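Subject: Handover of a structure and notes on it

Dear colleague,

I am passing the structure below on to you, and my notes on it follow. Please read them with the structure open beside you.

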Amino acid sequence: MNPELGLFALILATCLAILQSVAPLFGSYSGRLPWMAAGKWLAAGQFVFVLLSFICLVVAFLTDDFTVSYVANNSNSLLPDIYKLTATWAGHEGSLLLWILTLAGWGMMVSVRCDKLPPELSARVLSVLGMVSVGFLLFILVTSNPFARILPFPPQDGADLNPLLQDVGMIFHPPVLYMGYVGFAVVFAFAIAALLGGQLDSAWARWVRPWTTAAWCFLTLGISLGSWWAYYELGWGGWWFWDPVENASLMPWLAGTALMHSLAVTEKRGLFKSWTLLLAIATFSLSLFGTFLVRSGVLTSVHAFASDPERGMFILAYLMVVVGASLALFAVRAPQMGSRITFSLLSRETLLLVNNILLAVSCATVLLGTMFPLLVDALDLGMISVGPPYFNALFVPQVLLLGLALGIGILLNWKSGSFSKLLHQVRWIALVSALGGVAFALFYAERFIVSEALAMAVVLWLVLTAGRDILDKTRNARQKMSFMASLQKLPASYLGMHLAHLGLALTIIGAAMTSGYSLQRDLRMSPGDTAWLGQYQFRFDGVTQMQGPNYVTNIGIITILDDQQQPIAVLQPEKRVYSVRGMPMTEAGIDPGLTRDLYVALGEPLGDDSWAVRLHVKPYVRLIWLGSIFMALGGLLAVCDKRYRIRLKKNKTNLKPGIALGGQV
Amino acid sequence: MNPVRRQRLLLILLLLAGVGLATTLALFALKENINHYFSPNQMTSGEAPIGQRIRGGGIVVPGSLERNPDDLTVTFKMETGGTEVEVVYTGILPDLFREGQGIVGTGKLDKNRRFIADELLAKHDENYMPPEVQDAIDKAHNAS
């Protein structure tokens with residue numbers, strides 16, 4: 001009964017979504033307030049029914065209902081309960097349901113907070129979100145019903161969850177990533193609504209900014225969770241593989257980052273309006289495109305589990321409708337959005353333009369590298385692959401250029417900056433950064449690596465220019481109070497900006513150190529064997545066999561000693577064989593540290609108790625993810641800025657207690 | 001020319017130069033880093049270049065795997081459509097590497113037309129067949 005309830009709820013949600021995409025829009029053109037207000041309730045109703053449907057699927061998993069084909073394919077009665085829960089979004093159908101749940105959730109959030117917007121705008125935003133929902137709900141109902149039953153002969157037990165996915169990463173990575181992906185639907189809806197209304201002012205930009213930044217925070221965290229998960233789960237010690245699916249999430253992130261910065265210009269200066277709209281459309285289109293790449297089966301990857309051409313065609317058609325319609329609307333309406341405001345060549349606007357160009361170009365670079373093999377294959381010109389060197393050779397210099405531009409942009413004023421002032425501000429910083437970068441690469445290792453010197457110079461440049469700017473901004477306040485107190489006087493969004501940029505610096509350090517100075521050895525080890533790697537000695541103490549809940553595991557014991565023979569850590573890398581699928585899995589043993597990770601993975605047994613073993617020393621690899629946490633926190637701080645809540649305070653009659661609390665932040 | 005126009009022109013020129021440079025670099029980097037795929041048949045027949053970085057794939061021939069007792073070097077044969085090619089690889093084999101399983105590797109052909117792989121991939125699902133291998137199998141099947 002339960003699966004039918006889920007399906008029924010999903011159908012009801014679809015009906016509500018159809019109404020939501022039509023009624024408020026109609027109301028906004030005919031000036032009927034009740035029709036416009038209906039959007040709110042429809043969005044809420046849609047969320048409730050999608051949630052109900054999702055819960056039904058979760059219940060089907062928790063109760064081992066193997067009559068449901070999706071459950072039978074992705075679960076097993078031996079699977080621990082937490083993974084039964086996460087198996088809900090482990091396959092194609094369920095992950096789409098999670099997608100639509102997230103979308104309905106964002107729609108619900110918009111409907112709760114849209115009271116302060118002009119009714120036409122909020123009605124149109126909700127309508128557009130409804131249309132996006134309709135497409136995805138139909139996609140689920142027509143091609144990917146998660147509640148389809150296997151009757152009359154259901155299997156005795158399920159085929160089990162892919163062992164790679166039986167991990168804590170599975171709990172957080174997909175939902176957080178989807179929050180980011182789908183969150184850009186909100187700014188997309190705002191952009192379409194602005195195009196429909198033909199009006200875009202700085203108030204619009206102010207409404208959109210927190211939504212964009214929030215989605216961006218989630219996407220940042222989601223990508224970095226995925227990177228961290230791949231790092232410890234795949235057993236290769238890499239943190240980014242330029243896998244097409246990773247690229248699919250990186251592209252909206254790059255476009256979204258550009259959008260955030262372009263929105264800042266639109267809000268503060270009323271410039272870049274059509275560009276902002278285009279970026280909003282592009283960001284969400286790239287999110288959809290990512291979904292298409294992953295779900296259509298054109299790619300082969302860890303994530304690609306659905307190779308059903310019908311599904312691919314549906315998403316492709318949907319993508320074309322969304323992108324085509326929004327670009328057509330853009331072409332018709334954008335020329336009205338022009339602004340007559342000028343700015344000088346040396347101004348923050350110009351540097352943010354440089355930022356946008358670099359981000360757009362890097363996004364295009366990734367797109368080219370990802371799509372080129374598919375294009376060549378589609379044209380029947382042979383099968384090729386584009387290797388990581390392509391991406392590294394192009395992406396890394398772009399990031400470094402971005403860092404350079406960032407330092408200048410931070411210090412420049414809006415509208416018109418002064419060259420002599422800038423020169424005065426940065427001459428020492430530039431010198432220190434350049435010397436610092438070279439000195440670092442000279443003294444850190446025997447080998448001088450040019451790219452490491454450049455990366456460290458850019459990091460110093462980023463940090464020092466930010467520090468300089470903060471000192472300048474607090475100059476007057478510091479005479480009256482302590483530095484910390486004067487920091488608190490600065491707007492939250494300003495501090496958030498610096499925090500996020502500091503995060504970028506940390507991520508660059510992590511990426512540069514890891515790719516430049518990592519040590520790795522693959523070798524054959526018998527019990528008692530030792531091997532040196534840098535200043536660490538690894539001793540292999542043999543392997544014991546154990547029984548897990550749904551797997552048999554060989555646990556290796558590797559003791560790591562420093563050069564005085566003092567033990568640092570005992571690592572227990574595992575080689576598991578999952579019983580149901582008979583699938584082997586590597587679980588790496590990691591001793592994490594801020595300055596280095598010691599990482600060991602077991603290969604295969606080679607007879608006589610000896611094993612193939614992989615040893616890594618990864619300097620500062622944690623900074624990659626720490627940096628992304630800083631970025632997300634910076635974004636969060638910016639979202640909480642009081643500036644975005646001014647309208648709430650004026651409007652005290654409507655103030656709800658929860659929101660009033662939010663206004664205090 | 002008035003200053004606003006001159007500025008705009010400068011900006012546009014800057015933009016064009018940047019985009020041009022980026023495109024050139026991108027295409028150059030792309031050209032350098034494309035790895036073409038060759039089937040075992042193409043590797044033995046001489047169609048595949050020697051000494052260039054290529055990709056190749058096939059089914060691991062059961063019983064062909066041999067380990068070097070001193071280090072992690074393995075040799076095995078992979079085949080599609082009955083043509084076999086010898087593969088040499090040093091390192092840890094992927095989790096799902098098994099005889100009879102489809103694999104894809106990146107590496108170079110040596111003079112004896114052995115495929116010296118420096119990277120081997122067997123994907124993350126036991127039913128997975130690399131599309132290149134599937135394609136080669138289909139072609140060999142249709143030809144016979």
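Domain bounds, as used here, come from an automatic or database domain assignment. On that basis chain A is divided into domain 1 (1-160) and domain 2 (519-620), and the C-alpha centres of domain 1 of chain A and domain 2 of chain A lie 43 Å apart. The contact, meaning heavy atoms within 4.5 Å, takes 8 residues from domain 1 of chain A and 4 residues from domain 2 of chain A.

Before going further, please keep in mind that this is a predicted model, in which local features need pLDDT of at least 70 and side-chain atom pairs count only at pLDDT 80 or more, while totals for chains, interfaces and linings use all residues. Residues are numbered from 1 along each chain as its sequence is written, chains are lettered from A and ligands numbered from 1 in the order in which they are written, and side-chain values use heavy atoms, with hydrogens and water left out.

As for confidence, the predictor gives the complex an ipTM of 0.80 and a pTM of 0.91. Chain B has a mean pLDDT (the predictor's confidence in each residue, from 0 to 100) of 82, with 88% of its residues reaching 70 or more. Within chain B, confidence is highest in strand E5 (residues 83-90) of chain B, at 92, and lowest in helix H3 (residues 131-143) of chain B, at a mean of 68; helices (H or I, at least four residues) and strands (E, at least two) are DSSP runs, numbered from the N terminus. Where pLDDT is low, the predicted coordinates should not be read in detail.

Turning to chain A as a whole, its secondary structure comes to 21 helices and 11 strands, and its C-alpha trace spans about 80 × 75 × 55 Å along the principal axes. Of the 665 residues in chain A, 57% are buried, where buried means under 20% relative accessible area, exposed over 50%, and partly exposed in between (1.4 Å probe, protein chains only).

Finally, one residue of chain A in detail: A:Asp65 lies in the loop between helix H2 (33-62) and helix H3 (69-74) of chain A, and A:Asp65 counts as buried because its relative accessible area is 17%. Not counting residues up to four places away in sequence, A:Asp65 touches A:Pro3, A:Ala60, A:Val71 and A:Arg149.

With best wishes
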